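Student: I would like to go through this structure term by term. Please set each value against its definition.

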Amino acid sequence: MTGLLRPALSLVGLFTLLLGLAIPLGFTGLAQLAFPWQAQGSLVEREGRVVGSALVGQDFSSDRYFHPRPSATTEADPEQPGQTRAAPYNAGASAASQLAPTSAALLAAVRERIATLGPAPVPADAATASGSGLDPHISPENAARQVARVAAARGLPEARLRALLAAGTEAPELGLLGAPRVNVLRLNLALDSLPATPPR
């Protein structure tokens, strides 16, 4: 019996070290060398301080900023054990709402969001949450609908914000994959970097 167990246990130990430790560490090291910024979480810094990640959405709700796509992430509710509560952009709980397209709750949520967005048509990403709940991008159409609100809140000309939006619009990967998109964190950081409009 021992003669059968020893080689089996040796193989389990060997493959555990190889596949569970050596190969993951090797790939981590290669990623750090080849793509250091991405391997470190694509962190965005401002004045030497990390303000977020280019890959994780944040909850901008002030009229002075462009708003991200809705988020359906949740967290444990400390007041009701076993229950969850809404926690938009909770990076520790990436998930969608899990509501089917025919769900009455999903339809009600979308209608509620549309009601706050003004006249139709409303871009889909302005009224629906992403699959991860952490999408850092919005469509250029979604951002363009917000220009008037942000310009009014900041006292800036809309043309200036449209130029900023055009400069911040990212093309599809390799010119083919995906759609044009705008990273909300980067756009808002660029917005904060605009010099103030001189008083008239």
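**Values against definitions**

Tutor: Start with Ile138, which sits in strand S5 (residues 137–138). Strands (E, at least two residues) and helices (H or I, at least four) are DSSP runs, numbered from the N terminus. This is a predicted model, where local features need pLDDT of at least 70, side-chain atom pairs count only at pLDDT 80 or more, and totals for chains, interfaces and linings use all residues. Residues are numbered from 1 along each chain as its sequence is written, and side-chain values use heavy atoms, with hydrogens and water left out.

Student: Why is Ile138 called buried?

Tutor: Buried means under 20% relative accessible area, exposed means over 50%, and partly exposed is in between (1.4 Å probe, protein chains only). Ile138 has 2% relative accessibility, so Ile138 counts as buried.

Student: How far apart are Ile138 and Asn188 in sequence and in space?

Tutor: They are 50 residues apart in sequence. From C-alpha to C-alpha the distance is 12 Å.

Student: What makes the contact of Arg85 and Glu75 a salt bridge?

Tutor: A salt bridge is a side-chain nitrogen of Lys or Arg within 4 Å of a carboxyl oxygen of Asp or Glu. The Arg85 and Glu75 side chains meet at 2.8 Å, N to O. That is a salt bridge. The pair links distant parts of the chain, with Arg85 in strand S4 (residues 84–86) and Glu75 in strand S3 (residues 74–76), 10 residues apart.

Student: What makes Arg181 and Glu173 a salt bridge?

Tutor: Their side chains meet at 2.6 Å, N to O. Arg181 has a relative accessible area of 16%, so Arg181 is buried. Glu173 is at 44%, so Glu173 counts as partly exposed. Salt bridges that share partners join Glu170, Glu173, Arg181 and Arg186 into one network.

Student: How many salt bridges does the whole structure hold?

Tutor: The search finds 7.

Student: What makes a cavity a cavity, and a pocket a pocket?

Tutor: Both are sets of points on a 1 Å grid over the protein atoms alone. In a cavity a 1.4 Å probe fits but cannot get out. A pocket is an open set with protein on both sides within 12 Å along at least five of seven lines. Lining residues have an atom within 4 Å of a point. Grid points are joined across faces, edges and corners, and a volume is the space filled by probe spheres set on the points.

Student: How many cavities of 30 Å³ or more are there?

Tutor: The count is 1. The largest cavity holds about 40 Å³ of space. Its lining includes Ser53, Phe60, Pro136 and Leu185.

Student: Which residue classes line the largest cavity?

Tutor: Ala, Val, Leu, Ile, Met, Phe, Trp, Tyr, Cys and Pro count as nonpolar, Asp, Glu, Lys and Arg as charged, and the others, Gly among them, as polar. The lining divides into 6 nonpolar, 4 polar and no charged residues.

Student: What lines the largest pocket?

Tutor: The lining has 22 residues, with His67, Pro68, Pro70, Leu117 and Ala126 nearest the centre. The pocket contains about 560 Å³ of space. By class, 9 lining residues are nonpolar, 6 polar and 7 charged. Helix H3 (104–117), helix H4 (124–127) and helix H5 (140–154) each supply at least two. H3 gives the most, with 5 residues.

Student: What is the volume of the second largest pocket?

Tutor: About 200 Å³. Of its 14 lining residues, Ala72, Ser97, Leu106, Arg113 and Ala129 are closest to the centre. The lining has 8 nonpolar, 5 polar and 1 charged residues. H3 supplies the largest share, 4 residues.
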